[in-house]
Amino acid sequence: VTVRSSGWEAEAIATGSALDEIERLKRDAWRRAVAGTTSPLEYYMHCRRMDLALLAQATGFSRWRIRRHFRPAVYARVNAGVLVRYSGALGIDAATLKILVEQP
């Protein structure tokens, strides 16, 4: 249905919905990271408003490898070079990536 609009109202609603979804994903990732069911990497990814595909593109890692790093036991063993690549893509210090900080 066509309605008279300058277009900005629809854009504002869509942007608001997208931001609400990002915030929900961030909260869910925080809860899982605190519970120890996911690594801090997933939380930091959502903090930077990234999804798996964007993080994969920014780091050069495959989505499969990043999902694997969401597992806390696997993430605890990643080497410094991998953390540096995540650090560059997320804009977070590599040392901070190893711990969970609510506001990175």
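In which helix is Arg68 found? Arg68 is found in helix 4, where helices (H or I, at least four residues) are DSSP runs numbered from the N terminus. The model under discussion is predicted, so local features need pLDDT of at least 70 and side-chain atom pairs count only at pLDDT 80 or more, while totals for chains, interfaces and linings use all residues. Residues are numbered from 1 along each chain as its sequence is written, and side-chain values use heavy atoms, with hydrogens and water left out.

Helix 4 spans residues 63-69 and also holds Arg65. Arg65 counts as partly exposed because its relative accessibility is 33%; buried means under 20% relative accessible area, exposed over 50%, and partly exposed in between (1.4 Å probe, protein chains only). Arg68, at 32% relative accessibility, is likewise partly exposed. The C-alpha atom of Arg68 is separated by 9.9 Å from that of Thr38, 30 residues apart along the chain.

Both arginines belong to a positive surface patch, which is formed by Arg65, Arg68, Arg71, Arg77 and Arg85. Such patches are made of residues with over 30% relative accessible area and no salt bridge, like charges being joined within 9 Å and nonpolar side chains (Val, Leu, Ile, Met, Phe, Trp, Tyr) within 5 Å. Lys and Arg count as positive and Asp and Glu as negative, while His and the chain ends are not counted. The place of a charge is taken as NZ of Lys, CZ of Arg, CG of Asp or CD of Glu. Accessible areas come from the Shrake-Rupley method with a 1.4 Å probe, and for residues only the protein chains shown count as cover.

The largest nonpolar core has 21 residues, of which Leu41, Leu55, Ile66, Tyr86, Leu90 and Leu97 touch the most other members. Helix 2 (40-47), helix 3 (52-59) and helix 6 (80-90) each supply at least two residues of this core, and the largest share, five residues, comes from helix 2. A nonpolar core is a set of buried Ala, Val, Leu, Ile, Met, Phe, Trp, Tyr and Cys residues joined through side-chain atoms within 4.5 Å. In soluble globular proteins, nonpolar side chains tend to be buried together.

Charged pairs form a further theme. The count comes to four salt bridges, each being a side-chain nitrogen of Lys or Arg within 4 Å of a carboxyl oxygen of Asp or Glu. Arg24 and Glu21 meet in one of them, at 2.6 Å from N to O; both residues lie in helix 1 (residues 8-35), three residues apart, about one turn of the helix. Arg24 is partly exposed at 33% relative accessibility, as is Glu21 with a relative accessible area of 36%. Arg24 also forms a salt bridge with Asp28, the closest N and O atoms being 2.8 Å apart. Because Asp28 and Arg24 are four residues apart in helix 1, about one helical turn separates them.

The side chains of Arg32 and Glu42 likewise meet in a salt bridge, at 2.5 Å from N to O. This pair links distant parts of the chain, with Arg32 in helix 1 and Glu42 in helix 2, 10 residues apart. Arg32 is partly exposed, with a relative accessible area of 31%, whereas Glu42 counts as buried at 11% relative accessibility. Salt bridges that share partners join Glu21, Arg24, Asp28 and Arg31 into one network.

Finally, the loop between helix 2 and helix 3 contains Arg49. Although Arg49 is not a glycine, its phi is positive, at about 55 degrees. Most residues other than glycine have a negative phi. Arg49 counts as exposed because its relative accessibility is 57%.
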